[in-house]
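Please open the structure in your viewer and keep the sequence beside it, ready to select residues by number.

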Amino acid sequence: MCSPNGPQEGAPVLLEPGALTRCRHRIHLDATYPDQLAAAPQDIGVKQRQEAAAAQREAVRIRLMDADPDAWVRIAPDEPQRAHATLEACRAGATKIWGAALPPERDTGRRGGAEILLRDAELGGYIPVIVVNHKVTDPGRGATTSGLFEWAPTIDETRKVRSHLRDQMRLAHLYRMLERHGLASPSLQGGAIGYGADCVLVHDLAEILDDYDERFADRIAVARGEAATVPSQISECRSCPWWEGCRKKLEQTRDVSLVASGARAEVLRARGVRTIDQLAAWEGEAPEEWPNNSFHDTVVNAKAWLAGVPLVRRNETVTVTRADVEVDIDMESYQEHGAYLWGTLLNVAGTSVYRPFVSWDPVPTVDEARSFAEFWTWLMAERAAAAATGKTFAAYCYSRTAEDKWLLDSARRFAGVERVPTVEEVREFIDSPQWVDIYQAVDENFVCPNGKGLKKIAPIAGFNWRDAEASGEASMSWYREAVGYDGEPDLEQRRRLLEYNEDDVIATKVLREWMSERAVDEIPHESEL
């Protein structure tokens with residue numbers, strides 16, 4: 001039976017490296033109540049990321065092993081004694097090992113494995129290499145990289161490091177586990193193969209081992225019940241199986257992290273501000289060490305929370321760009337593989353027409369170029385027609401980061417394809433005042449206590465999605481079924497995706513009109529709180 005103060009008596013507490021960047025209170029709950037954790041439904045977003053990561057690992061494995069099959073020892077995932085088989089392969093001097101598992105350490109509490117162990121031909125021992133489903137480098141210079149097929153670290157003049165603390169902690173964790181068996185390379189190096197799998201980013205583990213040791217000592221003490229923790233809201237809470245219980249406790253104590261999450265709550269607690277009430281009563285300047293975001297807005301958030309107000313006006317008036325011809329745009333993509341749908345809503349003289357430009361070939365696909373080119377040609381034609389008739393024109397999206405990324409990426413990827421714009425043409429459009437981000441307009445006009453996401457704000461304006469399960473993460477699962485990644489294409493899921501996309505562009509339109517027409521009368525000014 002679980003103890004309220006620690007894990008099950010007699011059960012070894014073992015931590016995988018993911019715990020080193022996880023919420024400390026979650027580590028305590030995971031270790032103390034393992035049965036409840038096992039029974040909790042899995043967050044759909046977490047499940048999708050796990051599936052995508054597994055697919056990435058398998059694709060990399062096939063590519064590497066097909067290139068040099070005789071060099072590899074593969075430890076099968078269903079091998080009943082994977083750790084023993086891994087140590088045997090290392091002691092036999094295997095050059096490259098895939099699927100390595102290292103023996104769990106009951107005394108230290110470490111558990112883990114590496115996708116790849118590479119034998120250090122010069123110094124002896126093994127170098128851990130992990131395979132992840134995110135980018136590990138960006139264009140730039142100064143990163144140390146190696147080719148995929150032969151370990152040869154050199155300074156890369158075309159890439160810079162995209163820092164991921166979780167990757168660093170995992171590699172340090174694996175180094176300590178290899179070190180225990182005398183199998184760690186003296187080079188103190190590790191590697192990460194990221195999305196795109198075009199190189200290995202080389203990490204200098206000497207720079208991070210001290211931080212790792214400190215973090216691991218803290219996290220294992222928490223897991224063993226030797227260090228106390230309390231709940232506090234952070235970004236991880238959105239996908240945490242324990243969040244509902246933590247949220248109730250935080251609401252009971254009116255904890256300040258409900259309106260100032262993460263590092264901001266820590267700054268406030270250091271100043272003696274532990275409750276929302278205390279924050280709402282703050283007078284004077286912001287703390288010097290205040291991290292990110294407006295401190296003024298944080299105080300207004302606290303006042304709004306106490307008043308039960310979902311939105312607060314910054315100014316006496318609410319302003320948003322309007323035009324004679326208005327086009328709302330929402331793009332749907334699947335992971336980093338491609339943008340398969342550009343949804344549009346044309347609004348002229350009170351009439352709205354939804355038009356999707358879509359490819360149902362699984363991305364990445366050349367057909368994506370066709371749908372993108374059709375979307376761009378149509379949009380520019382509407383823009384030109386408005387100009388030719390003396391009408392003003394504006395195209396709208398909500399939080400332009402994703403749309404900008406895929407507009408530019410699509411122009412680069414499909415350069416030279418008929419009707420695909422150049423990067424310069426895309427930049428001219430997105431840098432013009434005719435490309436309007438309603439997310440930015442919301443931020444300029446309102447303080448948003450519950451967040452600025454479209455699904456948080458649009459219902460305040462009176463809009464609700466037809467599908468109760470509609471979300472960006474849910475749409476990823478729908479897309480897999482719609483295009484037949486795992487079986488026959490599901491036409492019902494295609495309809496569902498189009499409806500979801502249509503609702504997104506309608507929501508942007510409704511929100512924009514509400515801001516112009518009613519928001520000033522319905523939303524209190526911050527001075528009224």
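The tour below goes from aromatic ring pairs to charges over rings.

This is a predicted model, in which local features need pLDDT of at least 70 and side-chain atom pairs count only at pLDDT 80 or more, while totals for chains, interfaces and linings use all residues. Residues are numbered from 1 along each chain as its sequence is written, and side-chain values use heavy atoms, with hydrogens and water left out.

Begin with the aromatic rings, where rings of Phe, Tyr and Trp (its six-membered ring) pair if their centres lie within 6.5 Å, and where planes under 30 degrees apart count as stacked, over 60 as edge-to-face and the rest as tilted. The count comes to 21 aromatic pairs. Select Tyr334 and Tyr479, whose ring centres are 5.1 Å apart with planes at 35 degrees, so this pair is tilted. Tyr334 is buried (under 20% relative accessible area, with exposed over 50% and partly exposed in between, using a 1.4 Å probe and protein chains only), at a relative accessible area of 2%, and Tyr479 is buried at 0%. Around them, ring pairs link Tyr334, Tyr340, Trp360, Tyr479 and Tyr485 into a cluster.

Next, select Trp342 and Phe372, a tilted pair with ring centres 5.8 Å apart and planes at 45 degrees. Trp342 is buried at 1% relative accessibility, and Phe372 is likewise buried at 1%.

Finally, look for a charge over a ring, meaning NZ of Lys or CZ of Arg within 6 Å of the ring centre and within 35 degrees of the ring normal. The charged end of Lys405 sits over the ring of Trp406, 4.6 Å from its centre, and Arg512 lies over the face of Tyr396, 3.8 Å from the ring centre.
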